[in-house]
Amino acid sequence: MKKLERRNLPWIYLFLLPTILIFALFYCWPIIQVVGTSFTRWNGFSRPAFIGIDNYTRLFNMSSFMVALRNIALWSLIAMTFHVWFGVLVALVFFKQPPGWKIARAAFMVPMVISSAAWAMIYRFIFNNEFGILNNIIRIFNPDFNVNWFFQSPASFWAITFTWLFYAVIISLVVLADLMAIPSEIHEAARIDGAGGWQTLRMIDMPLCRFSIGTSIIMSITSRISMFEAIALTSRGGPGNTTMSLSIILVRGISDRNFGVANATAVVMFVMGIAVLLIINRLFRMNESVY
Amino acid sequence: MKRLLALILATALCLSALSGCLTQDTVTTDADGAIVLTIPHYKVGANVGARFFLPQVERFNELYAGVYRVEVMEVPNDMYQDQMRQLAIQNQLPPLVEGVPDEIFLLEYLIPNNRFYDLNQWLDNEPELRALLLDANIEHNTFDGKLLSVTYPVVRPATLYYNETLFQPSKPIGEMSWDELLEELGDNTLAFMTSENAWTTMIALTSMIAVQPGGPELLFNHLPDDNKFVEFTNPIFVNAITQLQRVIQTAGHGNTVGAAYADAANAFFSNNAAMIFNGPWMIGDFNADAADRWSNGFDGANVRSNAMPGNVGLDNPLGYGWWIPANTPPEAAEGAWAFISFMMSANELELYMLAEGGTAPNLDESAEFLAARAENALLHQYMGSINSETIVVPYLWNSAPGSIADIEFGRLLPLLIDGTLTPEEFCQQLETSARETMR
């Protein structure tokens with residue numbers, strides 16, 4: 001390290017201090033507290049009492065917890081096999097810049113400016129059995145059609161899925177940015193070598209977008225793990241446990257003042273998120289250079 | 001100089017990062033020297049209680065101009081108690097709080113830590129006010145000789161409202177059984193709310209419990225916060241759930257499954273459902289000045305009230321009312337008490353009863369009040385439908401654990417309605433959840 005740089009080191013750290021402070025205070029410390037209190041019985045007012053892994057045992061014995069895990073697994077599968085690829089497909093269409101693509105891109109981005117809570121409420125109206133647009137369209141063809149989408153099993157699972165299935169704006173933008181970053185020489189060379197559209201897509205575009213697709217899958221699955229508003233504002237995890245998720249169990253723990261159980265749920269969510277990150281990193285070889 | 005400037009900049013950056021941690025003061029002084037009490041509350045905006053509460057705050061501010069002023073901060077209804085819990089943990093409670101969030105808050109925080117002002121210190125000096133309050137409630141609110149809170153000394157049972165243009169009962173509904181009511185309803189439907197805390201459905205369910213032998217005792221015995229009702233497989237509860245399932249399946253309005261309160265109210269306000277279960281605070285919605293909520297030819301003048309089948313009304317005599325947190329500065333606590341005392345004064349009680357119904361057993365009602373009440377036909381009729389024979393019981397949600405009331409019941413209810421769960425299975429699942437909660 002140069003002498004000048006060494007001399008500036010204290011100042012660099014001093015100006016980094018606010019960021020370090022915020023990170024330590026609002027990220028690291030709460031995470032440490034959450035992990036620590038997940039091994040305690042704590043109602044928020046009394047002193048936390050250490051109870052070992054009781055909260056975790058209790059969680060894994062709860063039927064709603066197991067259903068929540070199954071739901072997250074299913075939603076993750078749907079996210080990986082459809083949601084992400086829908087976003088990629090839209091990015092590929094935009095990449096070809098067909099007529100009107102800019103307007104289409106703007107329209108596709110509209111949901112981004114709507115909060116997820118408002119989005120959930122909109123879907124609550126769309127799926128309403130009595131006056132919802134979906135059932136009223138279906139009733140044109142089948143007048144006897146009656147489904148309470150958010151309150152009937154298994155319809156509610158699919159209704160919840162529908163609230164995010166086509167909401168892949170971020171994925172499209174990330175992949176589109178990667179597609180646009182591919183040097184034009186590579187496409188030209190492929191064309192000269194006689195590669196068709198499908199071959200270019202399969203052999204060039206997809207491999208070169210592997211980072212963004214991998215990142216999209218990580219984002220999509222972690223969003224499924226932490227998904228809350230769409231469920232809490234519509235089916236509330238029901239009917240029964242049909243749309244139960246870990247975030248609903250976590251919030252229920254808080255409202256029951258079982259902070260130990262709530263924090264154990266949070267730790268499980270955290271571990272799942274880290275696991276997804278590691279697995280997708282490995283699968284998509286995200287630590288290897290693309291070019 | 002450069003070093004000093006850098007140091008100042010770095011310090012400013014650190015401090016600005018923490019500026020979000022500053023809290024808003026809920027007790028201040030305005031330009032006139034009046035002590036301003038800022039209280040978060042849910043009776044604002046579209047909340048049905050706002051119609052009376054906000055003008056009441058204005059009346060108080062006029063009366064105490066230059067001395068005290070109450071300012072109300074809007075909090076959504078279902079967030080209020082949760083916000084009070086959070087503020088309590090931070091020792092930042094506002095100078096006035098209504099109700100207590102839950103039994104743990106009461107028994108493990110509020111009482112053992114003595115985090116409230118003993119209201120006796122003021123009440124002992126106001127014998128007129130003390131005479132108005134209900135003894136049973138005072139006793140319930142007294143812990144180690146200290147008075148925690150004061151509630152309106154008004155009994156106002158929740159019952160039912162029906163639309164006479166759609167349904168004309170052959171006799172008062174209070175004199176019928178649920179079976180007779182179902183028979184008389186014919187093709188008419190009942191407006192139920194089944195999502196969120198399923199409030200209106202819970203009223204019907206409570207009345208079904210109350211008409212059974214041992215039902216009222218079950219509801220009263222589990223009122224204490226350390227003895228909440230968790231035995232949902234109890235035959236009385238199973239019978240009531242069986243009846244509820246039949247009533248909803250037979251006469252529930254088409255939008256019942258997943259209906260929020262607004263959906264249930266809309267069904268009633270649009271001539272689509274003939275009956276709804278709710279408290280007397282709903283009476284204002286049937287006055288002509290609330291006509292903008294009506295549709296499809298609905299007219300509030302055609303609404304009638306009666307006791308629930310079996311002559312049942314719902315009211316919790318042992319609730320918690322307004323209290324003053326211990327973190328309130330003494331001068332602000334004086335102002336907070338002035339507001340409580342104002343709300344409970346005879347004149348305000350009469351205005352309250354005119355707006356939201358009810359009777360104050362210890363109040364000598366004025367002639368003006370009786371005349372004004374007689375002018376509101378529905379209010380008059382509501383009062384007439386409650387008699388000394390009426391079985392007044394607390395709401396089931398007063399006797400059950402909070403998460404059962406707020407989450408579990410509504411989450412399982414659709415499965416009971418569509419027949420996926422039998423009443424026994426429904427009760428078993430509810431009991432499992434309740435026992436899980438109370439561990």
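Reader: In which strand of chain B does B:V393 lie?

Author: The model discussed here is predicted. Within chain B, residues 391-393 form a strand that includes B:V393, and this strand is β13.

Reader: Is B:V393 buried or exposed, and why?

Author: A residue counts as buried if 20 or more other C-beta atoms lie within 10 Å of its own. B:V393 has 27 such neighbours inside 10 Å, and therefore B:V393 is buried.

Reader: What distance separates the C-alpha atoms of B:V393 and B:P216?

Author: Along the chain, these two residues are 177 residues apart. The separation of the C-alpha atoms of B:V393 and B:P216 is 6.0 Å.

Reader: How many residues does the largest nonpolar core have?

Author: The residues with the most contacts inside this core include B:I209 and B:A264. B:I209 is in contact with B:L218, B:I236 and B:F237, among others beyond its neighbours within four places in sequence. The number of residues in the largest nonpolar core is 131.

Reader: Which element gives the most to the side of chain B that touches chain A?

Author: The contact takes 26 residues from chain B and 26 residues from chain A. On the side of chain B, the elements that give two or more residues are α1, α4 and α18. With nine residues, the element that gives the most is α18(B).

Key: Residues are numbered from 1 along each chain as its sequence is written. Chains are lettered from A and ligands numbered from 1 in the order in which they are written. This is a predicted model: local features need pLDDT of at least 70, side-chain atom pairs count only at pLDDT 80 or more; totals for chains, interfaces and linings use all residues. A nonpolar core is a set of buried Ala, Val, Leu, Ile, Met, Phe, Trp, Tyr and Cys residues joined through C-beta atoms within 7 Å. A residue is buried if 20 or more other C-beta atoms lie within 10 Å of its own, exposed if 12 or fewer, and partly exposed in between; C-beta atoms are placed from the backbone. Two residues are in contact if their C-beta atoms, placed from the backbone, lie within 7 Å. Helices (H or I, at least four residues) and strands (E, at least two) are DSSP runs, numbered from the N terminus.
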